[in-house]
Amino acid sequence: QSLVGMFSECSNLARVEHFFSDNVIDCTRMFRDCTSLVAAKTSLSPSKTQHMFYGCSSLVSMPYMYMGLVNDASNMYYGCTSLASIESYDGNFSDYKAIGNADYMFYNCVNVASGIIDLYNAWTLARPPWAGIPSHGSTFYNCGINTASGSAELAQIPASWK
């Protein structure tokens with residue numbers, strides 16, 4: 001199934017109260033440039049999430065999604081300047097281990113206060129050897145720089161991720 005670009009550029013969309021699907025769905029560009037989107041309550045199992053929330057500058061928290069089937073999450077939260085934290089959905093970030101491409105995933109998410117180091121560790125320390133480390137160009141570029149805790153976490157990861 002595909003929801004590619006479903007709400008893309010709906011600049012006045014502020015909330016999605018409940019969006020549910022028990023099917024695996026391509027969510028590429030689903031909410032791209034929904035600049036007023038503050039919250040999206042979802043229960044999804046996406047197969048693709050590239051550019052899903054790209055430019056959602058008002059988005060405060062990450063919607064619930066099972067990420068265990070996503071290979072390409074590039075640009076997923078690019079420019080989500082209001083995002084407050086990077087969240088795990090299972091308590092230990094194991095959902096994110098399937099991701100093979102994390103390029104620009106949290107690019108310029110300047111207000112993130114937590115979750116940076118936990119996600120980095122899941123990708124580099126707790127990942128099965130056969131899976132390899134995901135592509136990570138600018139994954140955390142400027143992520144958390146406006147918060148003391150986010151800046152401290154960002155300082156702990158290698159430059160190749162920033």
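**Salt bridges, core and ring pairs in a predicted model**

Glu-17 comes first: its relative accessibility is 47%, so it counts as partly exposed (buried is under 20% relative accessible area, exposed is over 50%, partly exposed lies in between, with a 1.4 Å probe and protein chains only). This is a predicted model, so local features need pLDDT of at least 70 and side-chain atom pairs pLDDT 80 or more, while totals for chains, interfaces and linings use all residues. Residues are numbered from 1 along each chain as its sequence is written, and side-chain values use heavy atoms, without hydrogens or water.

Back to Glu-17. Its side chain meets that of Arg-15 in a salt bridge, at 4.0 Å from N to O (a Lys or Arg side-chain nitrogen within 4 Å of an Asp or Glu carboxyl oxygen). Arg-15 is partly exposed as well, with 48% relative accessibility. Glu-17 also forms a salt bridge with Lys-41, where the closest N and O atoms are again 4.0 Å apart. Together, Arg-15, Glu-17 and Lys-41 are linked in a network of salt bridges.

How many salt bridges does the rule give? The count comes to 3. One of them joins Asp-33 to Arg-32, with 3.4 Å between the closest N and O atoms. Asp-33 is partly exposed, at 26% relative accessible area.

The largest nonpolar core has 46 residues (buried Ala, Val, Leu, Ile, Met, Phe, Trp, Tyr and Cys joined through side-chain atoms within 4.5 Å). Which of its members touch the most others? They are Phe-53, Tyr-77, Phe-106 and Phe-140. At least two residues of this core come from each of β1, β2 and α1. The largest share is that of α1, with 6 residues.

In α1, the buried residues are Ile-116, Ile-117, Leu-119, Tyr-120, Ala-122 and Trp-123. These buried residues of α1 pack against α2, residues 148-154 (contact means heavy atoms within 4.5 Å). The model has 16 aromatic pairs (Phe, Tyr and Trp rings, six-membered for Trp, with centres within 6.5 Å; planes under 30 degrees apart are stacked, over 60 edge-to-face, the rest tilted). Phe-53 and Tyr-77 form a stacked pair, 5.3 Å centre to centre with 5 degrees between the planes. Both lie in the loop between β2 and α1, so the pair ties together parts that are 24 residues apart in sequence. Phe-53 is buried, at 0% relative accessible area, and Tyr-77 counts as buried at 1%.

Tyr-120 and Trp-161 are an edge-to-face pair: 5.2 Å centre to centre, 85 degrees between the planes. Because Tyr-120 lies in helix α1 and Trp-161 in the segment after α2, this pair ties together parts that are 41 residues apart in sequence. Tyr-120 and Trp-161 are both buried. Ring pairs also link these residues into a cluster that includes Phe-7, Phe-31, Phe-53, Tyr-77, Phe-106, Tyr-120, Phe-140 and Trp-161.

Then the loops. Pro-134 is in the loop between α1 and α2 and is buried, with a relative accessible area of 1%. Its C-alpha atom is separated by 8.4 Å from that of Asp-103, which is 31 residues apart from Pro-134 along the chain.

Ala-84 is in the loop between β2 and α1. Is Ala-84 buried or partly exposed? At 33% relative accessible area, Ala-84 is partly exposed. Not counting residues up to four places away in sequence, Ala-84 touches Val-60, Asn-111, Val-112, Ala-113 and Ser-114. The C-alpha atoms of Ala-84 and Pro-63 are separated by 12 Å, and the two residues are 21 apart along the chain.

Last, the surface. Tyr-66 is in the loop between β2, residues 39-48, and α1, residues 116-124. With 34% relative accessibility, Tyr-66 counts as partly exposed. Val-24, Tyr-64, Tyr-66 and Leu-69 form a nonpolar surface patch with about 360 Å² of accessible area together (patch residues have over 30% relative accessible area and no salt bridge; like charges are joined within 9 Å, nonpolar side chains, meaning Val, Leu, Ile, Met, Phe, Trp and Tyr, within 5 Å). The areas come from the Shrake-Rupley method with a 1.4 Å probe, and for residues only the protein chains shown count as cover.

Definitions and conventions
Helix = DSSP H or I, 4+ residues; strand = E, 2+ residues; numbered from the N terminus.
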